[in-house]
Amino acid sequence: LDQFLNGDMHLAFEVVRVTLPGQLVLSSHGHVRIHQLDEFIESRIAAMTLTIKVQGAKVLGPPLGIYHGAVNEDEDGPVQVAIPIDMPLGDPGANMHVDLPGGEFAGVDARGEECSFPRILGAYDAVSNWVTGQGYSLSGSPREVWHQRSGKEAHFQILWHYTRQTGN
């Protein structure tokens, strides 16, 4: 990630601490490269939203992605697309229920063009650099909350769980 910040483009992001509760989500996993990512996300959100509606559950927040590996021209994740829901579904179909853990997260908001690839990598760099600069360790996979997915009004929130380093 640091390679992005050391390049020609440097975006300033304000990092904030966020305490999140655990949450139940309906999720779907897949392996995709960057050119497939938007279509993958949109199709998974649409399918899961329909499943949620048909089964009478309620959506409790914006959809999000959890990146368990790099997604770029050469690497294909895996990526988890998730939607917070109020109750387990009787039959989640090809999806699955997951209890996302809560805890302390470092986060940044990206808006507009900042949400596009590769600019969004600067948001991940900002979080990573802040966490390590504070003497903490990154924990788990980063979350990308999609308040608005595209256009001039795009708004992503990057959240990454952190813990104290051993010995601190």
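Where is E114 found? E114 sits in the loop between β6 and α3.

## About the model

This is a predicted model, in which local features need pLDDT of at least 70, side-chain atom pairs count only at pLDDT 80 or more, and totals for chains, interfaces and linings use all residues. Residues are numbered from 1 along each chain as its sequence is written, and side-chain values use heavy atoms, with hydrogens and water left out.

## Overall layout

Let's start with the fold. The chain has 3 helices and 9 strands, where helices (H or I, at least four residues) and strands (E, at least two) are DSSP runs numbered from the N terminus. Read from the N terminus on, the order of elements is α-β-β-α-β-β-β-β-α-β-β-β.

The C-alpha trace spans about 45 × 40 × 30 Å along its principal axes. A compact globule of 168 residues would have a radius of gyration near 15 Å, and the chain agrees with this, having 16 Å. That radius is taken over C-alpha atoms, and the globule rule is 2.2 Å times the number of residues to the power 0.38. Among contacts (heavy atoms within 4.5 Å) with a separation of 6 or more, 77% join residues 24 or more positions apart.

## The nonpolar cores

Of the 168 residues, 44% are buried; buried means under 20% relative accessible area, exposed over 50%, and partly exposed in between (1.4 Å probe, protein chains only). A nonpolar core is a set of buried Ala, Val, Leu, Ile, Met, Phe, Trp, Tyr and Cys residues joined through side-chain atoms within 4.5 Å.

The largest core holds 38 residues, and L37, I41, Y67, V79, V81 and V108 touch the most other members. Elements giving two or more residues to this core include β2 (23-30), β4 (79-84) and β9 (155-164), while α2 gives the most, with 7 residues. Beyond its neighbours within four places in sequence, L37 is in contact with V32, Y67, V71 and V79. A second, separate core has 10 residues, including I66, V98, L100 and V145.

## Charges and a loop residue

What about the charged groups? The chain carries 11 positive and 20 negative side chains, with the centres of the two sets 6 Å apart. Here Lys and Arg count as positive and Asp and Glu as negative, while His and the chain ends are not counted; each charge is placed at NZ of Lys, CZ of Arg, CG of Asp or CD of Glu.

Back to E114: this residue counts as partly exposed because its relative accessibility is 23%.
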